[in-house]
Amino acid sequence: MTRVAIGLSGGVDSAAAAALLKEEGYDVVGFTLKVWDSSRCCSIEDVNDAARVADALDIPFYVLDAHDIFKKEVVDPFVRSYAEGKTPNPCIPCNQKVKFSWLLERAAQLGCDYVATGHYARLEGEPGARKLLRGLDEAKDQSYFLVPDNPDGLDRVLFPLGALRKSEVRKIAERYKLPVATKSDSQDVCFVHGDLEGFLAGHLGETYLGESGGGEIVDTAGQVRGRHSGVFAYTVGQRKGLGISNPTPLYVIERDVENNRLVVGPREDTYSNGLKGDNAVWLCGAPPVEKAGEAGEDEFDCTVKIRSTASPEPCKVKRDGDSVEVTFASPQFGVAPGQMAVFYDGDLVLGGAWITGAVK
């Protein structure tokens, strides 16, 4: 019997995923990761809920201390990215480095062949030729967060909920009388507690605040329009929280970390015609190639998501090694370095690359 490690977060999705795996005949082992002190995602309440789910399903249950790996692979890079003027997405390295790698290695010590999660995405094909597809429930699709850091990174991963809608998942939890069947979903970055500015100030100190306790907010003409309390707490495309009175709304266009300034302008100035990215990972072999270029280069058409909440937009990708240059079919709002660009062919995920800059 194939043994599967299921990451139990204390929420309804992972609980229903565990129930489905057991229903399908897998030997299921539950794991909860303690990743951060006082973290919402692994609070005492969540750990207790995960234990109650495991008890209801009559499966073994373990709590693992993942604080060190989480700090190294998720929190520290998150802080460094903000210090470099980027806008990171910590959920992606958490999946790559913690859930799909670190957890699997430890679960393998208990004879587990796969690790499963409650993400809404689909997998097709055998190991070595795995295809990652969008979840059937478009409103819950989480494929954007699941691009691995190497082409074979999903060979030992299972997503039991990929072909289900959220309403069906709730019904499964109710059918199994799981104690979290009506529990609300978690939101936001788990270790920040909704206070990004306070979190960054605590980790970056004077570097975050600047020598004068903040810095200037300037428009594209260089005119001072206000002051910020910490340049890292803002993101490209942000409108709220600037404290600027203007006849028309102003948006963050650039975070000038070197000069400790925010550059703001009208909404049209936040649009870009494309982006550049690096550390690209391609799944299922090479993406479809429309025409060949110079050695090591190729170009192809597909769609791209530039943030988790964005819709896939038509684009052309020029690939050169693990770098990409993307041209949008129409200008896109708020391209933010540090986010991931994820490429699709319909529902099929072709791969992803970390955004290094916008192309105006």
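By class, the residues that line the largest cavity of this predicted model comprise five nonpolar, three charged and no polar ones. The lining is made up of Leu 123, Arg 130, Lys 131, Leu 132, Pro 151, Leu 154, Asp 155 and Leu 283. The space inside the largest cavity comes to about 30 Å³. A count of cavities of 30 Å³ or more gives one. As a reminder of how such spaces are found, rolling a probe the size of a water molecule over the atoms shows where empty space is left.

At least two lining residues come from each of helix H3 (67-83), helix H4 (91-108), strand E12 (271-282) and strand E18. Sorted by class, the lining of the second largest pocket has 11 nonpolar, seven polar and seven charged residues.

Strand E18 (residues 348-359) also has a partner in strand E17, to which it is joined by six bridges in the antiparallel sense. In this pairing, Ala 341 is found opposite Ala 353 of E18. The two strands form a hairpin with two residues between them, and here Gly 346 adopts a positive phi near 65°. Is E17 itself enclosed or open to the outside? Of the six residues of E17 (residues 340-345), five are buried, so this strand is largely enclosed by the rest of the structure.

Attention now turns to a sheet. Strands of a sheet pair through backbone hydrogen bonds, either parallel or antiparallel. Four strands make up an open sheet in the order E9-E8-E11-E10, and the pairing is mixed. Strand E9 (224-228) and strand E10 (251-256) are at the edges with a single partner strand each, so one side of each has no neighbour in the sheet. On average, neighbouring strands of this sheet are turned by 30° against each other, with direction ignored.

One of the residue pairs in question is Arg 255 with Leu 262, its bridge partner in E11. Four residues lie between the strands in the hairpin of E10 and E11, where Asn 260 has a positive phi near 55°. Although E10 stands at an edge of the sheet, five of its six residues are buried, so the rest of the structure largely encloses this strand.

In helix H6 (residues 196-204), which residues are buried? They are Phe 199, Leu 200 and Leu 204. When H6 is viewed down its axis, these buried residues fall within an arc of 110°, so they line one face of the helix. Just after H6 comes Gly 205, which takes a positive phi of about 55°.

How values were computed. Residues numbered from 1 in each chain as written. Predicted model: local features only at pLDDT ≥ 70, side-chain atom pairs only at ≥ 80, totals over all residues. Heavy atoms only, no water. Buried < 20%, exposed > 50% of the residue type's maximum accessible area, 1.4 Å probe, protein only. Pairing = 2+ DSSP bridges. Nonpolar A, V, L, I, M, F, W, Y, C, P; charged D, E, K, R; others polar. 1 Å grid on protein atoms, 1.4 Å probe; cavity = no way out; pocket = protein on both sides within 12 Å on 5 of 7 lines; lining within 4 Å. Points joined across faces, edges and corners; volume = space filled by probe spheres on them. Axes fitted to C-alpha atoms, helices over the stretch in contact; angles between N-to-C directions. Arc of directions from axis to C-beta.
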